[in-house]
Amino acid sequence: MDKQTGITARLDLDTQQLASQYDVLSDFQYELGVFLIRMLDISPSERVLDIGAGTGRLTSHVADFVGEEGWAIGIDPLKDRIDVARKKIQPNLSFFVGDAHDLSRFDSGTLDVVFMNCVFHWLRDETQVLSECARVLKPGGRLGISAMSRNHPFRPYEIKKFVLSTDRYRDYSESANRVIKYFTENELGNLLDESGFARRTISPHSGMVTCQDSQGLLDLLRASSFGNFLGHLPEELQVTASYEIQEKLDRLRTGEGMSFELVSLIALAIKD
């Protein structure tokens, strides 16, 4: 697979407000993560690492599975999100500011499960991260990933891409559209093979992102992208782009609100 190149997501765009919004608005990501956790078949007493834990909703869910003799740890590079996560207090649950590319906090061969939910498409170097995951997992340890599918474009992102292709934003459209990476099943499989995960399954999973209105959807997209949804634009252009995107989204609203299919790739792999 050719390594995808593009603009790295900015971490400095996150705020306490965005982190708090994400904790409230992240139902789709949480429900997708619950499905991923179910597929990983986590058991009592296991040691589980959540990479890109955000505000810790899913990590806290995992702590309920592993019980008193296990533990769940969440790491995220965004301090404001970890500050929210640390308010979710359980004796077998902990959170740290940390980078997926450097898991040196964890000894080799000590973890039963590592997972990344709605995180893989933000990574700077997927190969390095997967190598670190393989290092920290025990033989037979499981890896779970949900990632954006290249073959199933998300309609709101396509609308954003169209708006930013117009003359007003053309000088900025490339950087604003090349933050998230998308993967095919073959591309994701090749990355896992190269990192030593010989036994794997990859399949698409469909879910629905629902909001009452276009403002609610933009709030979700800003919060879930830690400010990167339009963050590469100057502030005044963020305002006009938001208005134009909302205008197009509003045309798709029904009496029950807004609903868009989002297809993710679910990868499950075992370290030999």
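Why does aspartate 112 count as buried? Its relative accessibility is 13%, and buried means under 20% relative accessible area, exposed over 50%, and partly exposed in between, with a 1.4 Å probe and protein chains only.

Before I go on, a word on the model. It is predicted, so local features need pLDDT of at least 70 and side-chain atom pairs count only at pLDDT 80 or more, while totals for chains, interfaces and linings use all residues. Residues are numbered from 1 along each chain as its sequence is written, and side-chain values use heavy atoms, with hydrogens and water left out.

Back to aspartate 112. This residue lies in strand β4, residues 111-117. Helices (H or I, at least four residues) and strands (E, at least two) are DSSP runs, numbered from the N terminus. A polar atom of the aspartate 112 side chain lies 2.8 Å from the backbone nitrogen of arginine 47. Leaving aside residues up to four places away in sequence, aspartate 112 touches Ser45, Glu46, Arg47, Leu137, Lys138, Gly141 and Arg142; contact means heavy atoms within 4.5 Å.

Most residues other than glycine have a negative phi. Serine 45 is not a glycine, yet has a positive phi of about 80°. With a relative accessible area of 39%, serine 45 is partly exposed. Aspartate 41 is in the loop between α2 and β1 as well. Its phi is also positive, near 55°. Aspartate 41 is exposed, at 55% relative accessible area.

Next, helix α3. Seven of its ten residues are buried, so α3 is largely enclosed by the rest of the structure. The buried ones are Leu58, Thr59, Ser60, His61, Val62, Ala63 and Val66. What covers them includes α2, β1, β2, β3 and β4. After α3 comes glycine 67, with a positive phi near 70°.

Now strand β7. Ten of its 13 residues are buried, so β7 too is largely enclosed by the rest of the structure. Two strands pair if DSSP finds at least two bridges between them. β5 and β7 run antiparallel and are joined by seven bridges; here leucine 143 stands opposite alanine 269 in β7. Strand β6, residues 199-211, pairs with β7 in the antiparallel sense over 13 bridges. Proline 204 has leucine 265 in β7 as its bridge partner.

That leaves the largest pocket. Its volume is about 830 Å³. On a 1 Å grid over the protein atoms alone, a pocket is an open set of points where a 1.4 Å probe fits, with protein on both sides within 12 Å along at least five of seven lines; lining residues have an atom within 4 Å of a point. Of the 48 residues that line the pocket, Cys118, Val119, Trp122, Ser224 and Phe226 are the closest to its centre. Elements that each supply at least two lining residues include α2, α3, β5 and β7. The lining divides into 28 nonpolar, 14 polar and six charged residues.

At 1% relative accessibility, glutamate 126 counts as buried. Its C-alpha atom is separated by 27 Å from that of leucine 218, 92 residues apart along the chain.

Key:
Polar contact = N/O pair within 3.5 Å; in protein donor to acceptor, adjacent residues only side chain to side chain. Points joined across faces, edges and corners; volume = space filled by probe spheres on them. Nonpolar A, V, L, I, M, F, W, Y, C, P; charged D, E, K, R; others polar.
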